[in-house]
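Okay, thanks for coming, everyone. I'll walk through one structure today, so let me put it on the screen.

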Amino acid sequence: MTSWQIVVAVVAVYLVTNLVVGLLPGSRSSDTVAGYVAGDREFGTLVMYFVTGASVFSAFAFLGGPGWAFSRGAAAFYILGYGVLGMAPYFALGPWAARLGRKHGYVTQGAMLAHRFQSPWVAFTAGIVSVIAIIPYVALQMRGAGIVLEQVTDGHVPLPLGAAIAYGVVLIYVWRSGVMGVGWTNVFQGVLMIGIAWAFGIYIPMKLYGGVGPMFEALAAARPEMLTAPGLDASGNPWTPVAYSSAVLVSSLGLMMWPHLFMKAFAAKDDATIRRTIMLFPTFQIFLLPLFLVGFAGVLYASAPSNPDAIMPHIMLTSGLPAIVVGIFCAGALAASMSTGDALVHGAASIAVTDVYGAASGTSLSQHDQRRLIRWLAVAVGVVAYAIALPSGLSLVGMLLAAYGAIVQLAPPVYAAFLWRRATARGVVGGLLAGTSVTGFLVIWPQWRPFGLHEGLVGLAVNIATLVLVSLGTQPPATQHVADWIATSRNRINQPS
Amino acid sequence: MKRSAGWIAAVYFVAMAVAITFPGIRPFNTIRPFVFGIPFVFAWVLAWVLGSLVIFVMLYRTYSK
């Protein structure tokens with residue numbers, strides 16, 4: 001066998017194992033929406049830990065993390081910083097949402113907001129914003145998988161074919177097992193990607209420089225500008241402190257608003273499981289460290305890939321590693337892509353059916369029919385994302401940052417639901433529309449961004465202002481309903497007033 | 001007990017947000033001294049991530065009583 005065939009063989013073993021792990025739990029959940037979308041609310045700590053961790057760490061972390069360290073230096077620290085900042089509020093929000101979900105049967109955050117604000121249009125608007133943000137994110141994961149396979153097989157498996165194979169596997173286990181398939185494959189994928197990241201993160205600097213310390217000594221002498229924040233921008237000029245800081249803030253505020261993450265509160269067995277998952281999350285976050293080390297190792301490396309995101313596969317291929325090791329690395333990168341992609345596909349389809357379709361049609365399908373519709377929509381999301389993923393020349397990191405700009409717009413409705421009794425449905429819908437429009441405008445015309453702020457942050461300010469003003473200008477919500485709702489979230493029995 | 005644990009955590013995460021972004025990061029934004037072989041500012045951000053583990057453990061223990 002030639003070396004690319006060995007790589008393909010290793011990847012094939014990984015994909016088959018993944019498929020088996022994903023298909024096995026399919027018969028264990030009930031034939032209901034709660035079974036397919038929230039795993040009958042039975043997720044324990046092991047699955048929750050890996051679902052959360054592996055869904056956060058995607059192809060972007062596995063390829064983009066080293067890519068940023070390699071091409072932009074300390075700019076990559078922003079990725080390290082925002083994870084725990086974003087996760088922290090969920091220590092309170094997660095159990096609040098979970099209690100409401102158990103009592104009222106929600107499986108999406110849109111359904112939760114619709115009930116709180118007594119309007120299906122809140123779910124409809126939030127659902128549309130979510131799906132718009134998720135599809136480019138799925139496309140990014142597919143492209144990541146395709147790039148890795150194309151690189152390590154010397155082009156024998158071209159990008160479109162690689163992406164199609166990896167996501168074909170994802171669609172099969174999401175179709176059959178729903179969130180249970182996502183959960184158990186994420187355990188497998190998570191262990192694989194962490195193990196591989198640490199092994200290479202220590203090994204590569206050792207092999208190339210004789211250790212992590214000597215590597216940074218060499219970098220400090222040759223490229224000191226890469227080792228202090230905010231590092232460099234995409235074209236190699238110094239990045240601005242404002243852009244660095246607002247990237248941290250938008251990503252922190254947006255992180256847990258991602259429906260595929262937020263929704264897992266409805267899958268957790270109990271409050272303690274959610275809290276334990278968050279407690280353990282920094283241990284997952286630390287896994288960025290070895291990935292950054294590989295990226296920094298690439299800065300003074302003899303050759304450079306044409307695309308910085310390919311630095312990790314580039315070093316693997318050119319530093320004389322045996323083909324089987326390259327294959328294992330490739331499996332790790334695919335695991336990173338697929339563990340996020342599966343949760344996204346499943347999340348987008350669940351939202352499109354329960355929130356968007358439910359609000360627009362006004363009819364209620366049977367549990368069985370809803371479940372079937374979600375499956376078909378998961379396939380549709382996969383196909384649309386695939387069509388977006390194929391054209392070359394698209395900036396994936398730009399797409400991710402734009403997606404964050406959209407998803408962070410869900411933060412004001414979610415926080416207002418729990419913390420501001422006076423917030424109304426019209427305020428929330430108005431804020432979402434205004435914030436998303438402003439963000440979209442600034443994505444297309446970046447020259448209008450004030451002070452170089454992240455477009456999502458500007459949209460957020462408009463969103464909050466609209467939410468507050470419109471809420472105050474519309475009729476107050478039913479006091480008793482809001483009081484009961486908030487009391488349930490806080491686990492208090494509400495006294496009739 | 002729960003209330004004060006919540007406040008300590010809130011203060012920690014606000015302090016972290018200030019410490020790892022501009023202008024709060026500026027005094028620590030140096031390459032040397034190296035900490036365990038990595039540049040100081042890199043270690044600084046990492047230390048806040050590791051510190052959050054301590055805060056989360058404290059929160060979890062308080063809330064699971």
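Let's start with Cys330(A). Skipping its neighbours within four places in sequence, Cys330(A) is in contact with Val7(A), Val11(A), Val148(A), Leu149(A) and Val152(A). One caveat before I go on: this is a predicted model.

Cys330(A) also turns up in the largest nonpolar core, which has 201 residues. The members that touch the most others there are Val138(A), Cys330(A), Leu334(A) and Ala348(A). As background, nonpolar side chains tend to be buried together in soluble globular proteins.

Next, helix H8 of chain A, residues 120-152. After H8(A) comes Asp154(A), with a positive phi near 60 degrees.

Most residues other than glycine have a negative phi, and most peptide bonds are trans. Asp40(A) isn't a glycine, yet its phi is positive, about 55 degrees. You'll find Asp40(A) in the loop between helix H2 (33-38) and helix H3 (45-56) of chain A. It has 17 C-beta neighbours inside 10 Å, so Asp40(A) counts as partly exposed.

Over in chain B, Phe36(B) is another non-glycine with a positive phi, about 50 degrees. Buried or exposed? Phe36(B) has 8 C-beta neighbours inside 10 Å, so it counts as exposed. Phe36(B) sits in the loop between H1 and H2 of chain B, and Pro33(B) lies in the loop between helix H1 (2-19) and helix H2 (40-63) of that chain. The peptide bond from Arg32(B) to Pro33(B) is cis, omega near 0 degrees.

Chain A has a cis bond to show as well, from Ala229(A) to Pro230(A), with omega near 0 degrees. Pro230(A) is in the loop between helix H10 (212-222) and helix H11 (241-255) of chain A.

Last bit: where the chains meet. The contact takes 32 residues from chain A and 29 residues from chain B. On the chain A side, helix H5 (77-87), H10, H11 and helix H13 (271-285) each supply at least two residues. H13(A) gives the largest share of that side, eight residues. By type, the chain A side splits into 22 nonpolar, eight polar and two charged residues.

How values were computed: Residues numbered from 1 in each chain as written. Chains lettered and ligands numbered in written order. Predicted model: local features only at pLDDT ≥ 70, side-chain atom pairs only at ≥ 80, totals over all residues. Helix = DSSP H or I, 4+ residues; strand = E, 2+ residues; numbered from the N terminus. Core = buried A, V, L, I, M, F, W, Y, C linked by C-beta atoms within 7 Å. Buried ≥ 20, exposed ≤ 12 C-beta atoms within 10 Å, placed from the backbone. Contact = placed C-beta atoms within 7 Å. Nonpolar A, V, L, I, M, F, W, Y, C, P; charged D, E, K, R; others polar.
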